[in-house]
Amino acid sequence: MATIKAAILGFGTVGQGIYHILNEKREELKNKLGIELEVAKILVTDTSRERVPGTAHLMTTSMDEVLAEPGMQVVFEAIVNEEPAFTYLKRAVEHKCHVITANKVMFAKRGLELQDLAKANGVFVGFEATTAGGVPVIKTMKNILLVNDVSRIQGVLNGTSNYILTKMRSQGWSFETALKEAQNLGYAEADPFNDISGQDAFKKLMILSALAFGEQPDWSDVEVVGIDSISAEQVKEACEKGLRYRHVAEVEKLADGKVVAKVGPQLVDKEHPLYPVDDVNNAVALDTNYIGTLTLIGPGAGMYPTASVMVEDYAEIIGKRAGFVVTI
């Protein structure tokens, strides 16, 4: 049986999740794919700390060492910022490795470039995990776009903001109280700026725009508003009118072909597809010409939702290379 060697770049929450799933599903993946997958290298910034027992011998701080490993074919990337992630993935693609990323910051900016490079090198890029965590938005859109045109996308794309707005409504909490609880539960970082300012949702929206329309609006033209100015009183007044605040990321292709986007709080009623989406869940509503409006809802973040869709990307890529479809 053939053995495929894989590397994991970044070994925080998501990277560890990938490692655990690949080990737990090892036999099942082997039976379905007819291929043995071996995690051969784990790229970290500090090899002195063994995050998962039994992985010390796999850890390295050198991308050169990762690519020098004989038989390296798949790279899972779970690094936070644009760099060095893009440089690492560019090198991996040029080394004829398939790459699978969860990096929304990098992919929003460099995703189209990375996909073009991968196509030129005969390899695939998996990026399901960049947007909406465990919700299969990317693969669903890819299938829909084979036949349908998507005219508008509306999404609740940040679980932290959604959790805060949910608790302000259901518990009557202030923004500050809800944010503190989100931090206590690990939903929000110590510095929650990207979540509550709308920047996280904006990056994810740009990824969806590139997929749906083949382009993004000029980033400087997109109004991005966070949720930190919404008061408990405003939430209560909306609730009394049967309305809910949702932090909505929206992109649309106008009749003249121009792509426009905005990110910010919106009041939605019971007829709106994003009305029932509570807590840390994400959702994406797609307006299509044949199906109508399709809404996908599910967990937006976390070790296993994100890591599992990255492993699914791997199975799909290997299946494409072998000429069959794999579901796990």
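These legends accompany close-up views of a predicted model.

**View 1. The largest cavity holds about 40 Å³ of space.** A search of the whole structure finds 1 cavity of 30 Å³ or more. Its lining is made up of L22, R26, L29, K30, I35, E36, L37 and Y314. Two elements, α2 (26-33) and β2 (35-43), each supply at least two of the lining residues. What classes of residue form the lining of the largest cavity? There are 5 nonpolar and 3 charged residues, and no polar ones.

**View 2. Helix α6 packs with helix α10.** Helix α6 covers residues 137-144, and helix α10 covers residues 199-213. Two packed helices are described by the angle between their axes and the distance between the axes. Here the angle is about 20°, and the axes lie 10 Å apart. Angles under 35 degrees count as roughly parallel, so α6 is roughly parallel to α10. The crossing of the two helices, α6 and α10, is right-handed. Which residues of α6 and α10 meet? From α6 come V137, I138, M141 and K142. From α10 come I207, L208, L211 and A212. By class, this contact of α6 with α10 has 7 nonpolar residues, 1 charged residue and no polar ones.

**View 3. The second largest pocket holds about 550 Å³ of space.** The lining of this pocket counts 28 residues. Nearest the centre of the pocket lie Q115, D116, V125, F127 and K142. Five elements each give at least two residues to the pocket lining: α5 (104-120), β6 (125-126), α6, α10 and α12 (303-322). Which element gives the most to the lining of the second largest pocket? That is α5, with 9 residues. The lining divides into 14 nonpolar, 5 polar and 9 charged residues.

**View 4. A cis peptide bond joins E83 to P84.** Most peptide bonds are trans. The bond from E83 to P84 is cis, and its omega is near 10°. Where does P84 lie? P84 is part of helix α4, which covers residues 82-94.

**View 5. K96 has a positive phi.** Most residues other than glycine have a negative phi. K96 is not a glycine, yet its phi is about 70°. K96 has its place in the loop between α4 and β5 (98-101).

Notes: Residues are numbered from 1 along each chain as its sequence is written. This is a predicted model: local features need pLDDT of at least 70, side-chain atom pairs count only at pLDDT 80 or more; totals for chains, interfaces and linings use all residues. Side-chain values use heavy atoms; hydrogens and water are left out. On a 1 Å grid over the protein atoms alone, a cavity is a set of points where a 1.4 Å probe fits but cannot get out, and a pocket is an open set with protein on both sides within 12 Å along at least five of seven lines; lining residues have an atom within 4 Å of a point. Grid points are joined across faces, edges and corners, and a volume is the space filled by probe spheres set on the points. Helices (H or I, at least four residues) and strands (E, at least two) are DSSP runs, numbered from the N terminus. Ala, Val, Leu, Ile, Met, Phe, Trp, Tyr, Cys and Pro count as nonpolar, Asp, Glu, Lys and Arg as charged, and the others, Gly among them, as polar. Axes are lines fitted to C-alpha atoms, for helices over the stretch in contact, and angles run from 0 to 180 degrees between N-to-C directions. Angles under 35 degrees count as roughly parallel, over 145 as roughly antiparallel, 65 to 115 as roughly perpendicular and the rest as oblique. A crossing is left-handed if the near helix is turned anticlockwise from the far one by less than a right angle, and right-handed if clockwise. Contact means heavy atoms within 4.5 Å.
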